[in-house]
Amino acid sequence: MRALRPSLIAVLLATASAWAVPASAQENGVGPVTKLPLPRYASLKTDRVNLREGPSKDHRTLWVFQRAGLPVEIIGEFETWRRIRDSEGTEGWVLHSLLSGRRTAIVSAGPDKDGVKASIPLRASADDTARDEARLQTGVIGNVKKCDGSWCRLVVTLPTKRDVDGYIRQTRLWGVYPNEKVD
């Protein structure tokens with residue numbers, strides 16, 4: 001192996017030191033625009049939200065969300081734009097005005113078995129033995145009212161009856177972090 005020339009070593013050292021610069025506020029878990037935590041959950045305000053490739057209307061639309069209340073994770077900020085991730089891992093940029101601080105979550109009931117849709121109970125209280133208020137399938141979205149780190153109080157609008165209010169294990173929701181407390 002040939003020895004590296006001193007000029008090449010200097011270039012490599014300069015490059016390495018450039019990688020060692022202090023992390024930005026965004027990388028430290030704080031949004032540089034809002035000063036709010038990153039990442040954090042939010043929800044879509046409207047039934048039509050364009051997910052863009054970059055933080056401007058000049059960037060190509062990658063996807064159009066069509067469900068108000070859909071939970072998303074804000075993972076970056078640039079001026080009036082927020083970089084988001086959905087429950088399937090798709091990432092892109094949306095205008096901040098199309099996002100709401102209202103907390104919602106998507107139910108994950110687990111895999112279907114033998115052609116039967118998997119469902120999990122929404123309980124009357126934060127107890128595995130409490131009566132079922134409803135059974136929820138994967139993809140159901142509910143409004144998060146409170147989480148204690150293990151259970152979340154969720155309000156779900158069902159097509160056949162009034163809003164149903166109950167408790168679900170926090171691990172069954174996408175839209176709250178593990179052990180997160182929500183008031």
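Is Asp-128 buried, partly exposed or exposed? With a relative accessibility of 42%, Asp-128 counts as partly exposed. Keep in mind throughout that this is a predicted model.

**Stop 1**

Asp-128 sits in the loop between strand E9 (119–123) and E10, while Arg-169 belongs to strand E13 (residues 163–169), so the pair ties together parts 41 residues apart in sequence. Arg-169 is also partly exposed, at 33% relative accessibility.

**Stop 2: Glu-133 and its surroundings**

Next, select strand E10, residues 132–137, and pick out Glu-133 within it. Now show Arg-131. The side chains of Arg-131 and Glu-133 meet in a salt bridge of 2.8 Å, N to O. Arg-131 is exposed, with a relative accessible area of 59%.

Which residues touch Glu-133 from beyond its neighbours within four places in sequence? They are Leu-122, Arg-123, Ala-124, Lys-161, Val-164 and Asp-165.

**Stop 3: from E13 to E12**

Asp-165, one of those contacts of Glu-133, is the next selection. Asp-165 forms a salt bridge with Arg-153, and their closest N and O atoms are 2.6 Å apart. Asp-165 lies in strand E13 and Arg-153 in strand E12 (residues 151–157), so this pair links parts that are 12 residues apart in sequence. Asp-165 is partly exposed at 34% relative accessibility. Arg-153 is partly exposed too, at 29%.

**Stop 4: strand E8**

Move to residues 104–107, strand E8. Which way do the side chains point? Thr-104 and Ile-106 face one way, Ala-105 and Val-107 the other, and all are buried. In a regular strand, side chains alternate between the two faces of the sheet.

Now bring in the partners. E8 pairs with strand E11 (residues 141–148) in the antiparallel sense, over three bridges. Look for Ile-106 opposite Ile-141 in E11. E8 also pairs with strand E14 (residues 173–174), again antiparallel, over two bridges. There, Val-107 has Leu-173 as its bridge partner.

**Stop 5: a network**

Finally, select Glu-73, Arg-83, Arg-85 and Glu-91. Salt bridges link these four residues in a network. How many salt bridges are there in total? The count comes to 12.

Key
Residues numbered from 1 in each chain as written. Predicted model: local features only at pLDDT ≥ 70, side-chain atom pairs only at ≥ 80, totals over all residues. Heavy atoms only, no water. Helix = DSSP H or I, 4+ residues; strand = E, 2+ residues; numbered from the N terminus. Contact = heavy atoms within 4.5 Å. Buried < 20%, exposed > 50% of the residue type's maximum accessible area, 1.4 Å probe, protein only. Pairing = 2+ DSSP bridges.
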